[in-house]
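Please open the model in your viewer and keep the selection tool at hand. The stops below say what to select next and what is there.

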Protein chains: 2
Amino acid sequence: MTTRDDCLLRDQRDPLAALRDEFILPADTIYLDGNSLGALPKASVAQVQRTVAAEWGEGLINSWNDAGWYDMPHRVGDRLAKLVGAGAGELVVTDTISVNLFKLLAAALRYVDNKMPERTVIVSERGNFPADLYIAQGLVELFGNRFSLRLIDTPEQLAGAITPEVALVMLTQVDYRTGYLYDMQPVTRMVKDKGAMMIWDLAHSAGALPVDLAASGADGAVGCTYKYLNAGPGAPGFIWVPKRNHTLFRQPIFGWWGHRAPFAMKPEYEAADGIAHFLCGTPPIVSLSLVESALSVFEKTDMHALRAKSVALTELFIELVDKRCAEFGLGIASPRAADRRGSQVSLTHADAYAVKQALIQRKVIGDFREPDILRLGFTPFYVRYVDVWDAVEALTQVLASGEWKQDVYRKRQAVT
Amino acid sequence: MTTRDDCLLRDQRDPLAALRDEFILPADTIYLDGNSLGALPKASVAQVQRTVAAEWGEGLINSWNDAGWYDMPHRVGDRLAKLVGAGAGELVVTDTISVNLFKLLAAALRYVDNKMPERTVIVSERGNFPADLYIAQGLVELFGNRFSLRLIDTPEQLAGAITPEVALVMLTQVDYRTGYLYDMQPVTRMVKDKGAMMIWDLAHSAGALPVDLAASGADGAVGCTYKYLNAGPGAPGFIWVPKRNHTLFRQPIFGWWGHRAPFAMKPEYEAADGIAHFLCGTPPIVSLSLVESALSVFEKTDMHALRAKSVALTELFIELVDKRCAEFGLGIASPRAADRRGSQVSLTHADAYAVKQALIQRKVIGDFREPDILRLGFTPFYVRYVDVWDAVEALTQVLASGEWKQDVYRKRQAVT
């Protein structure tokens, strides 16, 4: 069995080890929740002061030109694009992921409505992140039930669900609960071969593993920057629309930043060419500056190196849980095949919430997801091999001692 | 005529004078663009460091509970509500003003569609801020031209435009170009008496003058926090829906933060009771913390005191421009009646852009709006009476010398 010393040795040899110093991390804490809220890059502490005190405080309105604020959704988008295989001019950072999905899905459904009126079904997964299903439900209602939502229960049901009436498939590449990872290329090809459109949610894949949107042939994607991209709580989302769809898609939230000439102040909307059409209101500059500084850390390595370490960390965690926690009734909800697994491992336990809380008491931070999931994320930037060992040690002690059974650990908080 | 010494004396006697120290302001600059981007409150410099370094950096995911992030859209909304006469539980800070207007207008139009199908017209002003017109145009298109947009050219045309087929009136209380101020109560009453709904955009009134939404009887409002509310570039917008409309309005961007139980992770959307239904994605915490610290400055005074000084500043400016600039072909686009004017004075000049740029060279910051408007905002928190005098002095010199005619001042920048 792998020992703690083996883990220390692996950390010594880890080519990414130095990148941990790019982050602020609380002392004596093992943070396994970067899939919910990424840790704070040191670069962002300085950046937010620059943006607030120098650019806003001193530069005031002139900073729209002088500090490059005007172009930020595009500039930051082009930097982020490189992490997900998107072309320049195809991705902007703006709004929330929910609002972006609304715009993208609405645009795609309007295209279907015009060009493929015989197609009426949106396919997704029952286990998809609920917000994505809510956005789709809102649009189904808004389109007067012209479309309906068909939910599959497992990835294996996908091919069979794509009947000729399917207009669009909307999937999250990495399942937020189980960590199941869809293989984007063949899935997209299968969907497109059947004549439907394909939209991906990259919330748990952007910054976690290599994504090649351009090669996928997908019709659009949205993603989140506050998880693996480390841009801070509630940081803006992103939206990708490939160039071939720019002239086909018309999103319904006509905003002045999506206008061909925002400062001409014309009373009629004229959609901007290209991805700018997907912008709406004035961009959130302070938040965008935090996305930009977080991306600067990614530029010190590459997604393939990050993925290699991520896989090694989750493999190690599964190995240790298998060997050390066999007697405690834990299940492993994540795929055991590394190439089907994102950067997380989800365990099942009848009282997963209490176990999560007891782990927090031992300074091992994970999170809980209904109904019985203890979700642990392994961000290769700052999680060490020895952290994996120590986390399993803490888990073993929590379960062996039964300390999780205390009432204090069962009391629910607002955010779980 | 008022002299510079008179202005210095008025500053000495100004009961709000000390509040200028609550802001960071660049040295030797007269900032008359708080109506576009408010200045940086000192409290916000410390706040953003706390939010980023302590709450995010140290507290990480636990800050959703421990630092009160979870409740921020509501908590900050309730604090802002007091400035605009809204009740607790009726206003949230979220998304951009454009996205908020989309949600509000969509909800109102769906209500009309169900309950008043004979009403098909949306009334607004041709000179309304273009983004508002764009949002309405996007919805007209999305509703398959079930509705149409009727634009008036002057406020005097409003009453005549509200024919029986009018569903909804959407106005910005203070005109972004001229500063014309609608009297919210009688206008709303007139619109409601004719059976239409009334939606207000408070972009240039929230934080600039007393607003009493509750007394107005309006059906909803949106607003902006980066102008007179001083929350920073691209800070989130707000949305107000009175309690009586909470059960009548259903907005179409179904988000997980607008769900009755976001963390139950149910696949079906169930709208939250109350204003929470108007939330969509994860709230932008860093931006919200900047709204909250900006509001703390308002709590040191009240909107009536701020309005009294604002009126005094704009009256003084108009008096001095009338007396000192009569020969230079300037027009005054703003109402001369103080009770019909917001916290700005807009001058017209054939080459307003170049005059604006020449003033910037003299460290007097205003902005330009198409086609010929030099717009000067007077934020009573930090603009002094002597600043008004000095600004008019600079304007007089720019115009008298003809220095604005230089090519360098005519060259347009991205943001004007």
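Begin by selecting A:Cys7, which is buried, with a relative accessible area of 0% (buried means under 20% relative accessible area, exposed over 50% and partly exposed in between, with a 1.4 Å probe and protein chains only). A:Cys7 takes part in no disulfide, and the nearest cysteine sulfur, that of A:Cys325, is 14 Å away; a disulfide is here a pair of cysteine sulfur atoms within 2.5 Å. Move on to B:Cys280, which also counts as buried, at 0% relative accessibility, and which is in no disulfide, the nearest cysteine sulfur being that of A:Cys280, 12 Å away. Over all chains the count of disulfides comes to zero.

Before the next stop, note that this is a predicted model, in which local features need pLDDT of at least 70 and side-chain atom pairs count only at pLDDT 80 or more, while totals for chains, interfaces and linings use all residues. Residues are numbered from 1 along each chain as its sequence is written, chains are lettered from A and ligands numbered from 1 in the order in which they are written, and side-chain values use heavy atoms, with hydrogens and water left out.

Rolling a probe the size of a water molecule over the atoms shows where empty space is left. On a 1 Å grid over the protein atoms alone, a cavity is a set of points where a 1.4 Å probe fits but cannot get out, a pocket is an open set with protein on both sides within 12 Å along at least five of seven lines, and lining residues have an atom within 4 Å of a point. Grid points are joined across faces, edges and corners, and a volume is the space filled by probe spheres set on the points. By this rule there are 12 cavities of 30 Å³ or more.

For the largest cavity, with a volume of about 420 Å³, select A:Ser36, A:Lys227, A:Arg369, B:Trp256 and B:Phe263, which lie nearest its centre among the 34 lining residues. Helix 13 of chain A gives the most to this lining, with three residues (helices, H or I and at least four residues, and strands, E and at least two, are DSSP runs numbered from the N terminus). Among the elements that each supply at least two lining residues are helix 5 (97-115) of chain A and helix 3 (63-66) of chain B. By class, the lining has 15 nonpolar, 11 polar and eight charged residues, where Ala, Val, Leu, Ile, Met, Phe, Trp, Tyr, Cys and Pro count as nonpolar, Asp, Glu, Lys and Arg as charged, and the others, Gly among them, as polar.

The second largest cavity has a volume of about 350 Å³, and its 30 lining residues include A:Trp256, A:Thr282, B:Phe129, B:Tyr226 and B:Lys227 nearest its centre. Helix 5 (97-115), helix 6 (130-142) and strand 14 (367-369) of chain B each supply at least two residues of that lining, which divides into 17 nonpolar, eight polar and five charged.

For an open site, go to the largest pocket, whose volume is about 260 Å³; A:Glu125, A:Asp153, A:Pro155, A:Asp175 and A:Thr178 are the closest to its centre of the 14 residues that line the pocket. Four of the lining residues are nonpolar, four polar and six charged.

Next, display the rings. Then centre on A:Arg146, which lies over the face of A:Phe147 at 4.4 Å from the ring centre, and on B:Arg412, whose charged end sits over the ring of B:Tyr353, 4.5 Å from its centre; a charge sits over a ring if NZ of Lys or CZ of Arg is within 6 Å of the ring centre and within 35 degrees of the ring normal.

Finish with the backbone. A cis peptide bond runs from A:Glu370 to A:Pro371, with omega near -5°, and A:Pro371 is found in the loop between strand 14 and strand 15 (373-377) of chain A. In chain B, the bond joining B:Glu370 and B:Pro371 is cis, with omega about -5°. Then select A:Asp95, a residue other than glycine whose phi is positive, near 50°; A:Asp95 counts as buried, at 12% relative accessibility.
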